[in-house]
There are 2 protein chains.
Amino acid sequence: MSLLPRALQDVIDDLGKLPGVGPRTAERYAYYLLRTDPQKSRTLAHSLEHLHEGIGYCRKTFALVEKGQELSPLYTDPERDKTTIAVVAEPFDIVAIEKTAHFKGTYHVLGGLVSPIDGIGPENLHIKELVARVKEDKVKEIILATSASVEGESTALYIQKELEGTKVKMSRLARGLSVGLDLEYADQLTLTRALEDRQAM
Amino acid sequence: MSLLPRALQDVIDDLGKLPGVGPRTAERYAYYLLRTDPQKSRTLAHSLEHLHEGIGYCRKTFALVEKGQELSPLYTDPERDKTTIAVVAEPFDIVAIEKTAHFKGTYHVLGGLVSPIDGIGPENLHIKELVARVKEDKVKEIILATSASVEGESTALYIQKELEGTKVKMSRLARGLSVGLDLEYADQLTLTRALEDRQAM
């Protein structure tokens with residue numbers, strides 16, 4: 001005999017499939033929804049039901065776009081410099097960079113990072129399409145905006161090799177201290193990089 | 001211009017209304033759902049859509065039951081001792097106690113705890129119904145299985161006063177509970193000990 005009604009157990013089980021959500025957290029979410037206005041569950045249900053059907057991918061940059069849209073507004077916008085591309089791993093990385101309001105180029109979403117352990121090779125990422133864009137859009141600079149992890153580094157190196165022989169200027173995000181972070185809390189690797197890449201004042 | 005497609009932003013906004021879920025976490029959940037099999041979002045949507053309609057409350061114990069069921073199986077089960085009642089604040093507390101497999105009585109869900117700051121008085125809880133059950137079921141013992149918080153204590157004291165003059169033996173869970181810890185998060189061993197060492201009031 002189950003201790004909880006089927007309808008509640010179903011919600012707990014399904015919420016428990018979200019990343020980082022264990023049974024206790026799923027129970028807390030489910031019980032909150034049960035106690036609150038039923039409209040809240042229905043609104044969430046409706047959004048989830050229409051999640052995939054409302055979303056497409058830009059066929060140039062692979063950024064997320066409204067379904068039916070061919071190209072991302074961040075690509076078609078005449079204000080954006082098509083000769084500069086920031087290469088990111090995932091669509092949400094675009095949001096993070098846009099929030100800085102310090103980048104006026106265009107983006108290219110790889111759809112992941114090279115990670116042999118997860119079975120993700122360069123052929124699974126949108127690298128071919130990046131190389132094609134370099135020619136089509138007469139790209140001058142590529143900023144490899146991948147994270148400072150082993151996967152980020154090897155993906156950056158692979159792309160660098162793929163573009164060898166072209167005149168594209170390549171750079172990657174600076175590694176160094178987080179702004180506002182106390183020196184004593186920085187990890188050794190970051191601190192080493194910050195020392196190596198020290199900037200003249 | 002929004003940076004994310006409407007359908008995705010909706011899911012992020014709605015997930016962000018769950019307790020303890022900030023925008024970053026909501027983004028992580030939403031993006032996971034977007035990348036994974038669309039069937040997962042639809043299954044979750046379906047469960048949420050049917051959450052409230054599939055659930056009812058036992059008219060005796062106020063435990064959660066399948067819709068249409070009048071009484072909780074934990075009450076009607078002839079193996080359960082109706083003369084012993086464990087009084088709990090919320091329906092999930094029953095699950096926690098059942099998992100110890102050390103309680104063979106029945107339950108009574110108050111539907112909260114006395115908390116003047118939240119505008120919850122004794123009249124908002126199922127205390128009248130508890131007093132009625134004491135007569136109807138010839139109750140011999142009531143275990144106040146409320147959490148070791150100020151609200152838990154004052155609720156316990158209020159119920160004790162309400163039952164003054166009856167011959168009901170009253171006890172509360174042993175002080176094995178960490179002060180401030182919600183009952184549903186107590187580990188099974190601690191809860192088992194707290195049941196065994198319940199103290200006469």
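**The interface between chains A and B**

In this predicted model, 2 salt bridges (a side-chain nitrogen of Lys or Arg within 4 Å of a carboxyl oxygen of Asp or Glu) are counted between chain B and chain A. In one of them, A:Glu90 is paired with B:Arg35, and the closest N and O atoms are 2.5 Å apart. Helices H1 (6-15), H2, H3 (38-49), H4 (73-76) and H5 (91-100) and strands S1 (55-57) and S2 (64-66) of chain B each give two or more residues to the side that touches chain A. Of these elements, H3(B) gives the most, with 10 residues. Helices (H or I, at least four residues) and strands (E, at least two) are DSSP runs, numbered from the N terminus.

The contact (heavy atoms within 4.5 Å) involves 56 residues of chain B and 54 residues of chain A. About 5,400 Å² is buried between the two chains, with 72% given by carbon and sulfur atoms; this area is the accessible area (1.4 Å probe) lost on putting two parts together, summed over both. B:Leu48, B:His52 and B:Phe92 supply 13% of the area that chain B buries against chain A, more than any other three residues.

Local features require pLDDT of at least 70 and side-chain atom pairs pLDDT 80 or more, whereas totals for chains, interfaces and linings use all residues. Residues are numbered from 1 along each chain as its sequence is written, chains are lettered from A in the order in which they are written, and side-chain values use heavy atoms, without hydrogens and water.
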